[in-house]
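Me: I would like to go through this structure with a few questions. Please answer them one at a time.

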Amino acid sequence: MGKKGKCTYCRKFSDNLTVDHVFAGSWYPANTPQTVQRWTVRACFKCNNELSDVEEYLFLRLSRQLNPQNPLFQDLIVRAHRAVDPSAATDPKDRIARQKKLDQLNADVVQMTGVDPKKTFPSLNQPASSVGLRFSKAMSDRFQEKVVRGASLKLYNRVIDPPAGIRLYNVHASDVVGDAAFLDARLSSWEIGEGFEVAHGQAADDDQVLIFRITIWGVYRFYALVAPQGFEDQPDE
Ligand SMILES: [Zn+2]
């Protein structure tokens, strides 16, 4: 039986909390030392389950942005291709599921040639190839919020309950040069090799406000603020 308590993510009470990886266990690059502590938090079964689907969705798309020449990522890339390969299916039902994922992926392919990289998403780097994978902002937001909740708990021992709020920023690197340089100067960093980097700090004028800049595999980056009283207005998009 799991522990009783509140889920880190949805903050609802559960009498059977599961252990959830903040960054999916399978997302750590091959060279991650075994001694590295993988962040885990308590989560309800529903969140754990739903977030697994969100992570698979992102994994299939982000892995296509990785450089296949980098040996650290080869295992991730092979696994992502296998997950949508109908010929690797173990039974007819599995085959249909893989085919469906492959069809969805193919529908999300966008040609990057001639596209303004600022108008693509995610948009941290120039894509490694002329092909990009579009993905849903709702899925991305759900994932980002999860990671911010996990990081806030692991690094600051802070759960995020109302009225506290999270604001997510997805901006192209070239648009945040000024602000980012200013923010980055105050950020400390938790990182796992070329896997994940969580740069974090407290706002200079209010130490209750947390700042995060989270980068995954060097291809997907977002910024987030956590404020104890939430945010009254919406961010400019
Ligand atoms: Zn939950």
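Reply: A crossing of two helices is left-handed if the near helix is turned anticlockwise from the far one by less than a right angle, and right-handed if clockwise. The model discussed here is predicted.

Me: Is the crossing of α1 and α4 left-handed or right-handed?

Reply: Two packed helices are described by the angle between their axes and the distance between the axes. Here α1 (residues 45–62) and α4 (residues 137–156) pack at about 115 degrees, and their axes are 10 Å apart. By the definition above, the crossing of α1 and α4 is left-handed.

Me: By class, how many residues in the contact of α1 with α4 are nonpolar?

Reply: From α1 come L51, V54, E55, Y57 and L58, which meet M139, S140, R142, F143 and K146 in α4. Sorted by class, the contact of α1 with α4 has three charged residues, one polar and, for the class asked about, six nonpolar.

Me: Which strands stand at the edges of the sheet?

Reply: Strands of a sheet pair through backbone hydrogen bonds, either parallel or antiparallel. This open sheet has three strands in the order β1-β2-β3, with antiparallel pairing. A strand with a single partner has one side left without a neighbour in the sheet, so the edge strands are β1 (3–6) and β3 (40–43).

Me: What is the bridge partner of T18 in β3?

Reply: Strand β2 covers residues 13–21, and four bridges join β2 to β3. The two strands run antiparallel. In β3, T18 has as its bridge partner A43.

Me: Which strands does helix α1 touch?

Reply: Helix α1 packs on the sheet, and its direction makes about 35 degrees with that of β2. The strands touched by α1 are β2 and β3.

Terms used: Residues are numbered from 1 along each chain as its sequence is written. This is a predicted model: local features need pLDDT of at least 70, side-chain atom pairs count only at pLDDT 80 or more; totals for chains, interfaces and linings use all residues. Two strands pair if DSSP finds at least two bridges between them. Two residues are in contact if their C-beta atoms, placed from the backbone, lie within 7 Å. Axes are lines fitted to C-alpha atoms, for helices over the stretch in contact, and angles run from 0 to 180 degrees between N-to-C directions. Ala, Val, Leu, Ile, Met, Phe, Trp, Tyr, Cys and Pro count as nonpolar, Asp, Glu, Lys and Arg as charged, and the others, Gly among them, as polar.
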